[in-house]
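Please look over the model shown here before reading on.

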Amino acid sequence: MPITPTQKIWMDGELVDWADAKVHVLSHTMHYGSGVFEGIRAYPTSQGVAVFRLADHIRRLVASARILMIDIPYSEDQLIDATAQLVRVNGMRDGCYLRPLVYLGYGEMGLNPLLAPVKVSIATWPWGTYLGEEALKRGVSVKISTWRRHDPNAVPTAAKGVGMYVNSSLAKIEAIKGGYDEAVLLASDGRVSECTGENIFIVRDGALLTPPTSDAGALDGITQDTVEVLAKDMGIEVRHEPLIRTDLYLADEAFLTGTAAELTPIRAVDDRPVGTGTPGPMTTELQRAYFATVRGELEQYKDWLHLVD
Ligand SMILES: Cc1ncc(COP(=O)(O)O)c(C=O)c1O
């Protein structure tokens, strides 16, 4: 997914030209992965562009930093305002992806991160569908990775920490090289955790099931939560339930959720078609509701939209 440059990047309170948004090669995060980040999307709505669940993303960013003992020198309100300002300044009327990053800068080396300067940047660019248009329509094929998700007592899976994504990248490489679109990681106890950057759901006997995030060592997904609310409001039974790989093989339907991947159907797991091998009715209905929600077409979910104008 190539990045299309926009005009400005917010760096430590300043709007910097895209080409000048640089960091020193000896920045702490470059060496030890000691930062946290968020992935956020804004969508066009009839009232102008709106960032979806912005306050929830910023809250999770601050929570991630807290877990890693990084003191962000800005309040949640300041980060919310900066994000909205950036969308406005760059004129992202058709929507965009947003990447706030809290990183440790230049000045200290060594494994004690507590003395390194805390820096914050927010970038935005237009980003189409993460797994592709075809993926949204027809679904993706996934592989159960040979890489296990981190044990939460080895690396805190509740935090969206920079260095932790080596685990996801290894699983992604393995899946792509094997001819699949995405990987599913199992937790250290062998139960289903999540995908490389998405949570996972299955449909079984009319109910919607997803692994309990803390048990499964998965990130508490904001899209996951959104889909659960939509499903419950449609009268669908939603359960947090531990899943094993054969639950995926035998599911009636399956899909993954994430800010980047939105709601993407899964058409096959380890070469076994899920259900009919095409997106099922519940997946399709929830996908439609999700896109209507983020585009502000459903009145009852408008509180999730942060209008930037
Ligand atoms: C590992 C992982 N799991 C799940 C998700 C989905 O989270 P969200 O729906 O909040 O984007 C993400 C994306 O941030 C992720 O990186």
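This is a predicted model: local features need pLDDT of at least 70, side-chain atom pairs count only at pLDDT 80 or more; totals for chains, interfaces and linings use all residues.

Residues are numbered from 1 along each chain as its sequence is written.

The protein chain is divided into domain 1 (8-125) and domain 2 (133-294); such bounds come from an automatic or database domain assignment. Taken over C-alpha atoms, the centres of domain 1 and domain 2 are 26 Å apart. Between them, 20 residues of domain 1 are in contact with 11 residues of domain 2, contact meaning that the C-beta atoms of two residues, placed from the backbone, lie within 7 Å. On the domain 1 side, α1 (28-32), β3 (36-37), β4 (40-45) and α2 each supply at least two residues. Helices (H or I, at least four residues) and strands (E, at least two) are DSSP runs, numbered from the N terminus. The largest share of this side, 5 residues, comes from α2.

Helix α2 (residues 54-67) also packs with helix α3 (residues 76-89): their axes come within 10 Å and cross at roughly 130°. Axes here are lines fitted to C-alpha atoms, for helices over the stretch in contact, and angles run from 0 to 180 degrees between N-to-C directions. The two helices α2 and α3 are therefore oblique to each other. Angles under 35 degrees count as roughly parallel, over 145 as roughly antiparallel, 65 to 115 as roughly perpendicular and the rest as oblique. In this contact α2 contributes L54, A55, I58, R59 and V62, and α3 contributes E76, L79, I80 and T83.

In domain 2, which spans 133-294, α7 and helix α9 (residues 281-294) pack at about 110° with their axes 10 Å apart. Therefore α7 and α9 are roughly perpendicular to each other. T226, V227, L230 and A231 of α7 meet L286, A289, Y290 and T293 of α9. By class, this contact has 6 nonpolar, 2 polar and no charged residues; Ala, Val, Leu, Ile, Met, Phe, Trp, Tyr, Cys and Pro count as nonpolar, Asp, Glu, Lys and Arg as charged, and the others, Gly among them, as polar.
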